[in-house]
Amino acid sequence: MISFFIKRLLLLIPVFFAVSLVIFMIVHLVPGDPIDNLVQINSSPEQKAALAAKYGLDKPLYQQYAIWLGNALTGDLGDAIILRRPVADLIAQNLPHSLSLGALALLFSTVVGITAGALAAIYKDSWIDRLTMTLILLGSTVPGFWLGLLLIMLFAVQLGWFPVSGARSWDALVLPVLTIGLGGVALVARVTRVAMMETARKDFVMMLHAKGVPPWRIELRHVLRHALLPVVTILSLRIGWILGGAVTVEFVFARPGLGSLLITSLNQRDYPVVQGALLMLAVAVMLGTLLGDIVQAAMDPRVRERIKR
């Protein structure tokens, strides 16, 4: 497992450099100039040039990228142009809110999704299966921001059960977690259902039925356990997706977090903050993939053998 972990970690190095280059180029190709948000109206070109030189925006792009990447590798993501604070401090201040929201949404989508998918597979072609798949279809087609607005209208405005926005108490997490998690429930449930149905057709399952093992024990102890391998892969990819999906949800619910920080910085063309936040989201995706590969390898030795070859 140690050699497998090292090999997978080394494979992430070129991916990190490629992603960092893409992030840098996309951010700098977006129309707009952060200097325009700092200078006063009718400022002279010399004043603008002085501010651009202060933040290194007068250098060629390849030099800006080299300086930014070198500093980022040491943990220095630069200073925010508009807020005039270290980007690392801004991310550290907002990251716990995004992590708590993402972790609860991932837990919710995992538990509910696996349960719904297992029920649909066990009661295949019954009304339970049809009802579950209908709800799954609805959950996978509703956009997150629209679902969030619907939940606000129903549970916050009409019923008054939860706060409309903010992060002052634990109940302010309920609606954002449901908004992000319901989309994940649909995906996890579909994968679980298909994987269990494929596993149920394997020879060892037929042998268990022939031996007289109770059907519920076969489904829960054998079929579901073997069907969790593709589910683990999906969940590992969703770690980064949830943090990325929280961008719009945090904005809809006016919550602090990487999402709100990113959207605000995009509107202000604050390059260092946007680059730092996007790089953080990309690292979350890569670490989630690495975690999923490790869990998969621990559950299935065949994965380790493929890497060795």
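1. Overall burial. Of the 309 residues in the protein, 40% are buried. Buried means under 20% relative accessible area, exposed means over 50%, and partly exposed lies in between (1.4 Å probe, protein chains only).

2. Basis. This is a predicted model, in which local features need pLDDT of at least 70, side-chain atom pairs count only at pLDDT 80 or more, and totals for chains, interfaces and linings use all residues. Residues are numbered from 1 along each chain as its sequence is written, and side-chain values use heavy atoms, with hydrogens and water left out.

3. Fold. The protein has twelve helices and zero strands. Along the sequence the pattern reads α-α-α-α-α-α-α-α-α-α-α-α. Helices (H or I, at least four residues) and strands (E, at least two) are DSSP runs, numbered from the N terminus.

4. Helix α4. This helix covers residues 87-122, 36 residues in total. At 1.5 Å a residue it should span 52 Å, and its end C-alpha atoms lie 50 Å apart, which agrees. The expected span is 1.5 Å times one less than the number of residues. Helix α4 also bends, by about 35 degrees at N94. A proline, P96, follows within four residues. The bend is the angle between axes fitted to the seven residues ending at a residue and the seven starting there.

5. Nonpolar patch. I2, F5, I6, L9, L10, I13, F17 and L73 make a nonpolar surface patch of about 750 Å². Patch residues have over 30% relative accessible area and no salt bridge; nonpolar side chains (Val, Leu, Ile, Met, Phe, Trp, Tyr) are joined within 5 Å, like charges within 9 Å. A salt bridge is a side-chain nitrogen of Lys or Arg within 4 Å of a carboxyl oxygen of Asp or Glu. Areas come from the Shrake-Rupley method with a 1.4 Å probe; for residues, only the protein chains shown count as cover. Helix α1 (residues 2-29) gives the most, with seven residues. I6 sits in helix α1 and is partly exposed, at 44% relative accessible area.

6. Aromatic pairs. Rings of Phe, Tyr and Trp (its six-membered ring) pair if their centres lie within 6.5 Å; planes under 30 degrees apart are stacked, over 60 edge-to-face, the rest tilted. The count comes to five aromatic pairs. F16 and F17 have ring centres 5.8 Å apart and planes at 75 degrees, so this pair is edge-to-face. F16 is buried at 17% relative accessibility, whereas F17 is partly exposed at 36%.

7. Y65 and W68 form a tilted pair, 6.3 Å centre to centre with 45 degrees between the planes. Both are buried. They are three residues apart in helix α3 (residues 61-73), so about one helical turn separates them. Ring pairs link F24, Y65 and W68 into a cluster.
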